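The following exercises concern a single protein chain. Please work through each task before reading its solution.

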Amino acid sequence: MATTRTPGITVDTEGFRTINKEHRGERIFARLGLVCQEQAERPLAQELERLDWELERRAHASPLFSDCAKRFLLESKYKRSQADIAWHLGMLSRYVGALEIRKVHDETLRPLIEARLADGVSATTINRTLEVARTILHRAARAYRDRYGFPWLETASPLITMLRESPRLPHPINWDEQDRIFRRLPDHLARMALFAVNTGLRDANLCGLQWSWEVPIAELSRSVLVIPAQAFKSRRAHVVILNDVAWSIIETQRGKHPVWVFSYRGECVERMNNTAWQRARREGKLPDVRVHDLRHNSESRIIPCHR
């Protein structure tokens, strides 16, 4: 490659020209083909002008909500709720991701709220998404700084109004409801649901249950599972007591996966509230029964019980 009169433009022995130039820390590269010098200089000049404009815009513009979301997601990489945070951020990004962070407030979030309500989503679920937005705004005002030390959001974070929730009372499922849902579940999910009913474990803990947490109890001729503090909601270690039903499920699962007690096709099950669960409760005509309701039965089933 031979250089030309214009720095950043080279030409090979066959007359093919290439742009390869670093400008203000950014690389500009393009293969132009068989063109003359003037034809090569025009796109380079246009790209230099565009790049200068973009860098100036970045220097003086307020960060976008998507910039803050990326940083918050990176900070959340070791949290147990990282997958849920990523989901909420994806939902927020559809509506406010391209907005400057200072332009995110109740009014710009209204289209998201209206769309979610129209889809039949509960106020509680929508509020979880709004809480993520509120956290990001707070960090943009209090923690995130540019290279000059100025906050990404130069005013106090706006108040994000939560929707009024209608708390739903616990709904322990009866034997008839259990049969109507469980027999419609795929085998791996039915075992997980039956284990939840008999132990009271939350969805996240049940899906993340590991064989390394098993502790044999010689006097009982069986084991318990000790969930470590960092994996449990209360940040305290939790002992899972296994009645006869739960113990039989543990024995059934042995050898299916080296790490996870419950797996599907060689992978950890991400959540029980999936398409199969929703289809089973719909076909069983129990649309209001949630995965979380399974844990409300555990106290009556901790000891062996029979129908």
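**Exercise 1: The packing of a helix**

The buried residues of helix H3 pack against helix H2 (65-75), helix H4 (106-118) and helix H5 (123-142). The model is predicted, so that local features need pLDDT of at least 70 and side-chain atom pairs count only at pLDDT 80 or more, whereas totals for chains, interfaces and linings use all residues. Residues are numbered from 1 along each chain as its sequence is written, and side-chain values use heavy atoms, with hydrogens and water left out.

Task: Determine which residues of H3 are buried and where they sit around the axis.

Solution.
- Step 1. Helices (H or I, at least four residues) and strands (E, at least two) are DSSP runs, numbered from the N terminus. H3 comprises residues 82-96, 15 residues in total.
- Step 2. The span of H3 from first to last C-alpha is 20 Å, close to the 21 Å expected at 1.5 Å a residue; the expected span is 1.5 Å times one less than the number of residues.
- Step 3. Buried means under 20% relative accessible area, exposed over 50%, and partly exposed in between (1.4 Å probe, protein chains only). In H3, Ile85, His88, Leu89, Met91, Leu92 and Val96 are buried.
- Step 4. These residues lie on the same side of H3, because they cover an arc of only 160° around the axis; the arc is that of the directions from the helix axis to the C-beta atoms.
- Step 5. Exposed Ala83 and Arg94 are found on the face of H3 turned away from its buried side.

**Exercise 2: A strand pair**

Task: State in which sense E5 and E6 pair, and over how many bridges.

Solution.
- Step 1. Two strands pair if DSSP finds at least two bridges between them. E5 (residues 214-217) and E6 (residues 222-227) are antiparallel, with four bridges.
- Step 2. Leu225 in E6 is the residue opposite Glu214.
- Step 3. Four residues separate the strands of this hairpin, and Ser221 has a positive phi near 60°.

**Exercise 3: The surroundings of a threonine**

Task: Decide whether Thr18 is buried or exposed, and list its contacts beyond four places in sequence.

Solution.
- Step 1. Thr18 belongs to strand E3 (residues 17-23).
- Step 2. With a relative accessible area of 10%, Thr18 is buried.
- Step 3. Contact means heavy atoms within 4.5 Å. Apart from neighbours within four places in sequence, Thr18 contacts Met1, Gly8, Ile9, Thr10, Phe29, Ala30 and Arg31.
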